[in-house]
There are 2 protein chains.
Amino acid sequence: MPSLPADVDPRTLTPVLDGRWAALRAEVRARMAAEPYRDPVGLAVEAHRALVFDQLQALATTDVPGLGFDKAYGGGGDIGGSVVSFEMLGFGDLSLMVKAGVQWGLFGGAVQLLGTRPHHERYLRRIKDLDLLGCFAMTEHGHGSDVQHLRTTATYDPDTAEFVVHTPDRAATKEYIGNAARDGHAAVVFAQLITHGEARGVHAFMVPIRDPDGRAAPGVLIEDCGPKAGLNGVDNGRLAFDHVRVPREALLNRFGDVAPDGTYSSPIEGDARRFFTMLGTLIRGRVSVGGSAGSATKRALTLAVRYAERRRQFAKPDGEEVVILDYLGHQRRLLPALATSYALHFAQDELVAALHDTASDAPQEEQRRLESRAAGLKVANTWHATATIQNAREACGGAGYLAENLLPGLKADTDVFTTFEGDNTVLLQLVAKGLLTDYKDAFQNLSPLATARFAAERVLGAVAERTAARKVVDAVDRLTEGDDREALFDRDWQLKLFQDREQHVLEGVADRLRKAGPDPFAVFNAAQDHVLRAGRVHIDRLVLEAFVHAIGRCPDPGAKALLERVCDLYALSNIEADRAWFLEHGRLSAGRSKAVISAVNTLCAELRPHARTLVDAFDIPEQYLAAPMLDGDAG
Amino acid sequence: MPSLPADVDPRTLTPVLDGRWAALRAEVRARMAAEPYRDPVGLAVEAHRALVFDQLQALATTDVPGLGFDKAYGGGGDIGGSVVSFEMLGFGDLSLMVKAGVQWGLFGGAVQLLGTRPHHERYLRRIKDLDLLGCFAMTEHGHGSDVQHLRTTATYDPDTAEFVVHTPDRAATKEYIGNAARDGHAAVVFAQLITHGEARGVHAFMVPIRDPDGRAAPGVLIEDCGPKAGLNGVDNGRLAFDHVRVPREALLNRFGDVAPDGTYSSPIEGDARRFFTMLGTLIRGRVSVGGSAGSATKRALTLAVRYAERRRQFAKPDGEEVVILDYLGHQRRLLPALATSYALHFAQDELVAALHDTASDAPQEEQRRLESRAAGLKVANTWHATATIQNAREACGGAGYLAENLLPGLKADTDVFTTFEGDNTVLLQLVAKGLLTDYKDAFQNLSPLATARFAAERVLGAVAERTAARKVVDAVDRLTEGDDREALFDRDWQLKLFQDREQHVLEGVADRLRKAGPDPFAVFNAAQDHVLRAGRVHIDRLVLEAFVHAIGRCPDPGAKALLERVCDLYALSNIEADRAWFLEHGRLSAGRSKAVISAVNTLCAELRPHARTLVDAFDIPEQYLAAPMLDGDAG
């Protein structure tokens, strides 16, 4: 291994992190740094909502809201840039990020991607300018993950050329809907379209929910979800509809339309396939959640590393008190997580570029692959956020528990990220299904049973295509011999180990799902832990590869050397956490496995002097790091 | 394995859980059930503080506050009962538990255990009756874990027979002090005692901090710590003293006294030994935190299991939607955690009994052993709470994020438990040191370096006493052969595996610490992860043994059969989580290791029908489970 330079300038790392949208990132950063906003501390719910609404209005005067919209409607036509700007908002109060995401990403995005020209002309500018505030009303009380089975109905009445939107019972109430409790005047409502007495699956409808004075529209019942663990600047509410009539044109009719006489037509056959195609167009929200989870995690790590660099506790024999980041235990708490944040950042960057570059008429297989990657990285980013922010809080002790030191807000705000925009467990199953079916014919039915069924049908083919797997295993075996240090830090070995694990786990799942018994649910359920694992190790492999690609793009030799070591720490700490599997499957010997633990310790020691550089390279506007625990005398 | 009865009555389990203080538990439960209190949702900080203060006053009219005090002062003389009653308070708003703990446990406990008869006569009744509200002012801004090096001073002035209490700088400010920001009128202040120009180590002093009108006393600076992640019903503050004079009698003089002329005397030689003896008397607080963390975890699990039993998502082929607790993934999320809660409950119960039965003049070795066990179980209970409540929140999806469903409050309130009353990492080191030194001569210096030094000196002896270790290993090896199912469910094998792991890890730590290099800090630091691990696996062994003892006390055969299976799940999920270590050290073969995973899956399936029974057996007053997500139609 080449030795690390003593000192790397964080400004040589930032451009590598900033990547393709570096100019936009710099612009957003500069604007954020100039804003007077701070994280609200101890604000009551209503005051916080009002504050965030003010901030949203200020944001509406910038380029950010329109980035993702077509230029024809005053937008920037820059989908990647739009997602990146949401990611940057994740450095600040996450309520603002979510509120902006609801208005422009989900509500505006649904109009843009599910509607047609008349909808665009009528709504997009107003949505961009906050002249029309809206909601994305998909989730129902009874159906959060299984959105294909939503029970709100929109029944076409040919006599008046209207849809009647109706909530049949409590379970069909729209639930946790952002912008509903206070500010939204309209909602894109997802409902089962019924025409000529026939159900046509879930479609989206533009439904007014408040009158111009802000009162609930006739037939619309609005409830406030009340205080939440976090994100209290967002006004989540419940919506129920009592035979609310909207004109035929309220149907966002890109993927399915109803003629005045009630005749249904669609370019896509099959209700489920159509609905999941619709869902597939809406992945920007999921990508943005992953990105902003990453930003919040970077902020938490920056706070914790800076604190750990100044905080001292317990004296050495010479009387000098030890800086807590010098403790191995503390390094292990923060540095592998920091390396993972780097890895996920580069993977997110690749995802955003793929999202940006995938044409809306790209082949279905490419679209599904993108959706799978978006789902997987949302899972990885948000679970990493939950674990790492928790750790960062604990690493700052009592100081980390005070609201003024920002970590409690970060923890509480990001906590829902693992279960909204797709519950992580459900998303992992989706990722696994994509792998088993090789993305062919796999519309995104989220049902676990569909996973089992598809897998059982397709699995033989998929696995047959993976005969290359054997060669990888051989390579791994061979590399398991010989000098530990040389082998463990061999990037090729790390990559092959990740690839081999993915393939082997996948084959194992395939084997299990093939054993179709009389009860397909029982077959799926017995293998569920393997299915989830298959999703996870697939993502891990993508993430490591993205890190390797990013290193290849780094021009500065010092920065590059540092990134190489950070990548080693990501790879080896991932292997360490999963070493039981590698041992059980003969991929690591007991000795090599112990060497992995030692290598992680060594890397922690080597990277410790660079910890501050690594967090400073995120270049988070200082106002969002203004924690009193970092002021004055560290004590 | 004997098969499980189809249906076990939770009322046959509750008495086993309630144990020795069953009558008291029933009494507290009945009182709590009759109270009008609910968890506050969305309450502003000041309103929450006022509410908790009212509740504290109501509590003061019951037997609870006095349980731990001597009968001579109106107390109950029931130390175990006192700790159990705090544990029961953990079912309710944790702010009340902590506020009560500060007033009666920490403040009152310090007067009782560090003071002498004049202090008892003067203060204990007033403290019990809330006639005197007080603080426990130990932690300083600069010294949270390393409390031996507190920097507040109390300098004796023989001319006036007074101590001058002083905060030399910001780092010496008392920090996070409960009862300080709003209600406390006095504080037990820990300060370096100086007399005749000589420092005598940390002692405790009764210092008034407010005048009768509630204003800060002259020379006392009080700051409010402001909003926290949780526990906002507790008024934490900062205290600084500017040459505040208190009479000589303010010194709580059980372990060290100053004569009017300034002559210092103490029954204990050595400043450090004296201070850690003082600290050792104060372990009730630590035991109570562990117990109430356990209660909060039980509440979160009860909420999550009940939700998972009614919530359905995704349909089977027959159209019926699956109850989410029927998913293996969901079972794995909740049931091993539930088994661990049972295990920790029984271990906590043993600890409370040991605390109750250990005479204050018991041999030092016995006292140290008790302190170590209290530290270890505090660690295990609080980390289990953090992980499990997080999981319970996620397992309830969006509903789990709404404050009304109680999980956000539980998460936020318990979060600080891992770092207060002793940071868990520091406490684990203390546990490990106790093991290495066999509790001999090991006063509770918390410094990691002291750990290394003591270990290096004592380790040869300690390890020599453990030749029995070899025999255990043999037994484990032998049992590793043969039928998986038979072996894995053999309680004796499980116990031996836990014992052997503890001994082996300990020997490994000893080996590493013996390699004393020129820099003792470097030697300690390189082994820190092993040291922490030694603490952890020691606790795991104690916990499993406590579970086994509890099963032996269970008279009902059905309840006993169920507990046996829960104990299997605890043992095997613990082994599963740590199976990399067992594989690396030849304790499990690869095949046996995979069999452990299968066994955990099997146990999850077997215990799934009993999940509701297992949480209902905690017998938590229903008002503390009144989450709207459990009302009406589950959807």
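A salt bridge is a side-chain nitrogen of Lys or Arg within 4 Å of a carboxyl oxygen of Asp or Glu. I began with Arg491(B) and Asp568(B), whose closest N and O atoms are 2.6 Å apart in such a bridge.

**Ground rules.** I am reading a predicted model, where local features need pLDDT of at least 70, side-chain atom pairs count only at pLDDT 80 or more, and totals for chains, interfaces and linings use all residues. Residues are numbered from 1 along each chain as its sequence is written, chains are lettered from A and ligands numbered from 1 in the order in which they are written, and side-chain values use heavy atoms, with hydrogens and water left out.

**Salt bridges inside chain B.** I went back to the pair Arg491(B) and Asp568(B). I located Arg491(B) in helix H16 (residues 491-514) and Asp568(B) in helix H19 (residues 557-577), 77 residues apart. Helices (H or I, at least four residues) and strands (E, at least two) are DSSP runs, numbered from the N terminus. Next I asked: are these residues buried or exposed? Buried means under 20% relative accessible area, exposed over 50%, and partly exposed in between (1.4 Å probe, protein chains only). Arg491(B) is at 14%, so it counts as buried. Asp568(B) is at 4%, so it is buried too.

I then looked up Glu502(B) and Arg541(B), which form a salt bridge at 2.6 Å, N to O. Glu502(B) is in helix H16 and Arg541(B) in helix H18 (residues 528-552), 39 residues apart. Glu502(B) is buried at 7%. Arg541(B) is buried at 17%.

**Between the chains.** How many salt bridges join chain A and chain B? I found 8. In one of them, Asp415(A) meets Arg393(B) at 2.7 Å, N to O. Asp415(A) sits in the loop between helix H11 (407-414) and helix H12 (424-436) of chain A, and Arg393(B) in helix H10 (residues 364-395) of chain B. Both residues are buried. Another links Arg332(A) to Asp529(B) at 3.9 Å, N to O. I also noted a salt-bridge network of Arg170(A), Glu175(A), Glu223(A), Arg238(A) and Glu404(B). Over all chains, the whole structure has 110 salt bridges.

**The interface.** Contact means heavy atoms within 4.5 Å. By that rule, 80 residues of chain A and 79 residues of chain B take part. The buried area is about 6,300 Å², with 57% from carbon and sulfur atoms. Buried area is the accessible area (1.4 Å probe) that two parts lose on being put together, summed over both. Phe314(A), Tyr401(A) and Glu584(A) supply 14% of the area that chain A buries against chain B, more than any other three residues.

**Two residues of chain A.** His166(A) is in strand S3 (residues 162-166). His166(A) is buried, with a relative accessible area of 18%. A polar atom of its side chain lies 3.1 Å from the backbone nitrogen of His243(A). Not counting residues up to four places away in sequence, His166(A) touches Thr152(A), Thr153(A), Phe241(A), Asp242(A) and His243(A).

Gly201(A) is in strand S6 (residues 198-208). Gly201(A) is buried at 9%. I checked its C-alpha against that of Arg274(A): they are separated by 8.2 Å, though 73 residues apart along the chain. Leaving aside neighbours within four places in sequence, the contacts of Gly201(A) are Ala191(A), Gln192(A), Leu193(A) and Asp271(A).

Note on methods:
Polar contact = N/O pair within 3.5 Å; in protein donor to acceptor, adjacent residues only side chain to side chain.
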